[in-house]
Amino acid sequence: MADQTQPFNITQDIFLERHPTVRVYPYQEVQLTQKIVSDFALTAVDGIIGVAPAYGAKCALVALALATSTTVLTVRFPQTKGTPSRKNKPNSGRALVGDSILCHADYKKFAFKADKVAASLYLDLGQRITDAVDLFSVSTADRQSLDAIMAALGGETTLNKPSTIQLFKHEESDKAPTATIAMQAWAAWRAATLPSLAKRLARIPRINTQVMAENALTFLAKTIRDAERLDALKPTRVRNDVSGDFSHKGGNLNLSCTRYKTRIMRMTARQTLEIETVKNGKRDMVKGRPITVQGRAATIGVQGTFNGSKIKSVTTNGKEGNTTAEALRAHVVLDAMKGTQSILAHAFVRKIWLPTESVLWPTSRVPRRLMPLQFKNRPLNGSQKLAVNAILSISEEHRITVIHGPPGTGKTTVIAAAVRSTMAVHSDQTLWLVAQSNVAVKNIAEKLADVDFVDFKLLVSKDFHFDWHEHLYGKIVHNVIRSDDFPEDRVSAERLLLGSRVILCTLSMLSNHRIRHIALCVPVQTVIVDEASQIEVGDYVPLLSTYKPTLQKLVFIGDNRQHRMPIHIGAFISKHVYDKRLQSVHKITSALACRLVDVSKGRESSAGHSWVVS
């Protein structure tokens, strides 16, 4: 947020209805006094205050704008290292704002993403907030979409759409000028006073962090912050690798993608394709949007005239939207901030994130039977037997089991042994084996097949499987259920599953509502997570929330120091990390695999899904 030190006026051009100019008073936190804050509060004659944040590095709160009908107060906060003190200094600027406005009972606070604001106030300023209303909750639109913004402002028919898009172009970044954050705060105030939104806003539960226990608020706030940081890492421009062969007919361009990681995907309203063409040595640029995407093939609706004889490049401009799992995670945490979601009372949540709280484990609908180790396919060493027995255990202390082991120690064999032993007991016990990536899930499936256990089903998305990775599933093709074949009712699910009680899928697939009939037939009771160290802990929130009624046990398997590397690199890490106990197996044995290059003056920048130094 660009610094401005003198008061100035802004004139809104967001709403079609005309409004008087608004006076903006910019301050550094150290400049705030009780009089400044009190004088601003007196302008909130309707008791409504719009709030807009600005976020800087690592999504930390760097500025806050507070708006009434006539006035905006912007406050910029100094950036400090470490965790802010939860104890207010009585006369600090943040304490004045907190006591006089944020936690004052006379004022309702409205923000477009009130959960994120509340989390940031706590994490970065040590402040709480009461009676806060999340404006995006007036609709069910994707919270990152233009539709959500339009709905929160009363609907497109009352707005100047180009100005609205421009206002939220930088979202909530401190790169935007002070006038932008001031106008966003004022727009939040105006939305809160629109008669057309009054009934919907009144139904939205308020966020009140002042009544939350510190450990619960810390869990929710950090979960929000981690999600925001991961989202910030998503590239805003991706060069799509496409074949040189294409066809153009009726304003549509037919392309073939050559790389899965950079494939053309379905887009949000904020994304566009930029297609650079060449004809007779002359370059041209046209824009477009995907109409259909089937595997490698993408049909693009071109905006304007396409005259190129050769395509030089295709680039997706704009950040991709939330996945289903990401959206569900955000929804669960938002409801918890509102106090309408019982995730904080969930036994597994309390055990993982709130360890000082008492835990009442759920009673199983299916009797949990003692399961002896039954695995004759290959011998297990002592540590593997201990790990398998921990998975099979029905004791309370093993409700959450963590199994750690370096590469090559037989972790996947442990999973296979646990599966065979569980299924050897004739009961209704079920197992869901999950991992972060489709390839990791496929590897588990192949291990099961190697030990002659094939009574399982593997769920995989069509986007990953069709036209891209069908060849990976040759050994287990009859076990695969692709997402376009997911059943629409329970009877169809039973026919498809053929009695299988072991299901394999990615963690994100568990957030797909289209597997609900499969989950009815094969309840999510015991979940074994392979390569768990690759998963950000907040990504388990959708699993814990969705399957709370049936979930009985969680097993995490992995290596928090996991490495797949050539021999010489592995030897170095083995010496310095594993006390020479790690042995690498890799086809690259040359010492030249490890070279050090001095890039002291280099700059790191995002390039697609990777980073480059130049």
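Predicted model: local features only at pLDDT ≥ 70, side-chain atom pairs only at ≥ 80, totals over all residues.
User: Why is the pair of F246 and F306 called edge-to-face?

Analyst: Two cut-offs matter: ring centres within 6.5 Å make a pair, and planes over 60 degrees apart make it edge-to-face. The ring centres of F246 and F306 are 5.8 Å apart and their planes stand at 85°, so the pair is edge-to-face. The structure holds 10 aromatic pairs.

User: Where in the chain do F246 and F306 lie?

Analyst: F246 is in the loop between β8 (237–240) and β9 (247–249). F306 is in the loop between β13 (297–303) and β14 (310–317). They are 60 residues apart, and the pair links distant parts of the chain.

User: How do you know that Y260 and F464 are edge-to-face?

Analyst: The test is again planes over 60 degrees apart. The planes of Y260 and F464 stand at 90° and the ring centres are 5.4 Å apart, so this pair is edge-to-face. Y260 sits in the loop between β10 (252–256) and β11 (272–279), while F464 belongs to helix α14 (residues 462–469). The two are 204 residues apart. F464 counts as buried because its relative accessibility is 6%, against a limit of under 20%.

User: What makes H465 buried, and which residues is H465 in contact with?

Analyst: H465 lies in helix α14. Its relative accessible area is 11%, and buried means under 20%. H465 is therefore buried. Leaving aside neighbours within four places in sequence, H465 is in contact with V460, E470, Y473, V480 and R482.

User: How do you know that D452 and L498 are exposed?

Analyst: Exposed means over 50% relative accessible area. D452 has 59%, so D452 is exposed. L498 has 67%, so L498 counts as exposed. D452 lies in the loop between α13 (438–450) and β17. L498 lies in the loop between α15 (490–497) and β19 (502–506).

User: What phi do D452 and L498 have?

Analyst: D452 has a positive phi of about 65° although it is not a glycine. L498 is not a glycine either, and its phi is positive at about 55°.

User: Which residues is L510 in contact with?

Analyst: Neighbours within four places in sequence are left aside. L510 is then in contact with W432, V434, C505, I515, L543 and Y547.

User: What makes β15 and β18 edge strands?

Analyst: β15 (400–404) and β18 (480–482) each pair on one side only. The sheet is open, has seven strands and runs in the order β15-β21-β20-β16-β19-β17-β18, with parallel pairing.

User: How do you know that β17 and β18 pair?

Analyst: Two strands pair if there are at least two bridges between them. Three bridges join β17 (residues 457–460) to β18, so the pair meets that cut-off. The two strands run parallel. L458 has V480 as its bridge partner in β18.

User: What makes β1 and β2 a pair, and how do they run?

Analyst: The cut-off is at least two bridges. Three bridges join β1 to β2 (residues 22–28), so they pair. They run antiparallel. I10 stands opposite V22 in β2. Their open sheet has seven strands in the order β1-β2-β5-β4-β3-β6-β7, with mixed pairing. Its edge strands are β1 (8–10) and β7 (132–134).

Technical notes:
Residues numbered from 1 in each chain as written. Heavy atoms only, no water. Contact = heavy atoms within 4.5 Å. Helix = DSSP H or I, 4+ residues; strand = E, 2+ residues; numbered from the N terminus. Phe/Tyr/Trp six-rings, centres within 6.5 Å; stacked < 30°, edge-to-face > 60°. Buried < 20%, exposed > 50% of the residue type's maximum accessible area, 1.4 Å probe, protein only.
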